[in-house]
Amino acid sequence: MAELHILGNIHGASNFKYQSLFCRYSFQAGPNWTVVSGLPEGQTVSGQLGSSQSAVWSHPLDIHYITKGLQGWPKLLLHVSCLDSLGRTWTVGYSCCSLPAVPGYHEIELPCWAPSAATLTDRIRQYFLGGSHQLLQTDIINIGLDRLKLKTESRGTVKLHIDIVLRNFSQFGVEYK
Amino acid sequence: MRDSEVTHFLVSISGQIEFASFPAGVFDEEVYVQYEFVWGPDWAVKSGLTSGVSQMARPGSNPETVVFNMPVELVFSSTNVSGWPQIILTVRAKNMMSGDSLRGYALALTPPTAGVRQITSPLLRPRAATMLGEWLAWVTGRYPELADPKMLASGKDNYLLRTESYGNITMSLSMISKDLRKLGYDNQPPAYKESS
């Protein structure tokens, strides 16, 4: 069976208007894919906004997949959350990225979005008290169905440094370069 | 050796820890860096030093950077790419008044593709959990430290450690592999892709 290694790190986030940020991530792949080693989900440390308006996590990624088919190439899902001075957390951004199928080094900038406040009272409450709307069904992040009625606003970006190593793909006739 | 008998691949990592840079200038008398390699269960070290400490350095005409030029050279052998070696750097400073104190931790993956790579990783340092601790850190110039910096490389059980980032450290590392492609691995970017 063909193997895929994803190495690298989640570098950090920029242009979020919050003091302290962290990120929960998970890898999503189709039924053909099996995780052999590595953590398919995790949480970064919480980073404080530095001088360059960016929070740094430098969180390592190392995951090993084996696969029987190409359907459902792994995706990385991110939930960026903020941690305020009272210790409260809420989600401030969602993002999803299909991982590159090209071996070698990739620097990926992932723009994030979050559900926006629908009513004026919600907006006022969020401005003064914090908090946000969250998704109940997180499938909507990686599956492009039923997005029409969702109101979102754009947030900052998350930066990834990814190295892809493939094994035995060409043996099975998969052409990727 | 016939191709079918190849079970291990070798990876040689060599290069140097070039410099640390702090955008607001260096106010310490002496700065030094400790490095340590971390690798997965299938990996073994064939030769080289897996940890070390640099000289005591201070900035020159450029007040923002401290040059170490600390050489690093290692050969690993492995059967599996998973658990690729990472390097953990601890930057510390020594002062007359406050003694030895932490300036930050950095984590970097050694390059999994052949060739030279310049790696800049941010320095992270844990924040005190309480206001009093934060005030003490500010007064004494000593910051909370991790009991085991290797926990950064595992990427789990950080229990939402609060960190801040200040400055970064630049390395240039080159990787050479043997038998990696014979074992069916493909780690090289295609010719059409720019290296950036």
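Among contacts in chain B, meaning heavy atoms within 4.5 Å, between residues at least 6 apart in sequence, 77% join residues at least 24 apart. This is a predicted model, in which local features need pLDDT of at least 70 and side-chain atom pairs count only at pLDDT 80 or more, while totals for chains, interfaces and linings use all residues. Residues are numbered from 1 along each chain as its sequence is written, chains are lettered from A and ligands numbered from 1 in the order in which they are written, and side-chain values use heavy atoms, without hydrogens and water.

Let me turn to the elements of chain B. The chain has 2 helices and 10 strands; these are DSSP runs, with helices being H or I of at least four residues and strands being E of at least two, numbered from the N terminus. Along the sequence, the order is β-β-β-β-β-β-β-β-α-α-β-β. Along the principal axes, the C-alpha atoms of chain B fill a box of roughly 65 × 40 × 35 Å.

Of the 196 residues in chain B, 51% are buried, that is, under 20% relative accessible area with a 1.4 Å probe, protein chains only.

I close with the nonpolar cores, which are sets of buried Ala, Val, Leu, Ile, Met, Phe, Trp, Tyr and Cys residues joined through side-chain atoms within 4.5 Å. The largest one has 42 residues, and A:Leu4, A:Trp57 and A:Leu160 are among those with the most contacts inside it. Elements giving two or more residues to this core include strand E1 (2-14) of chain A and strand E7 (99-109) of chain B. A second, separate core has 39 residues, including B:Phe9 and B:Trp84.

How values were computed: Buried < 20%, exposed > 50% of the residue type's maximum accessible area, 1.4 Å probe, protein only.
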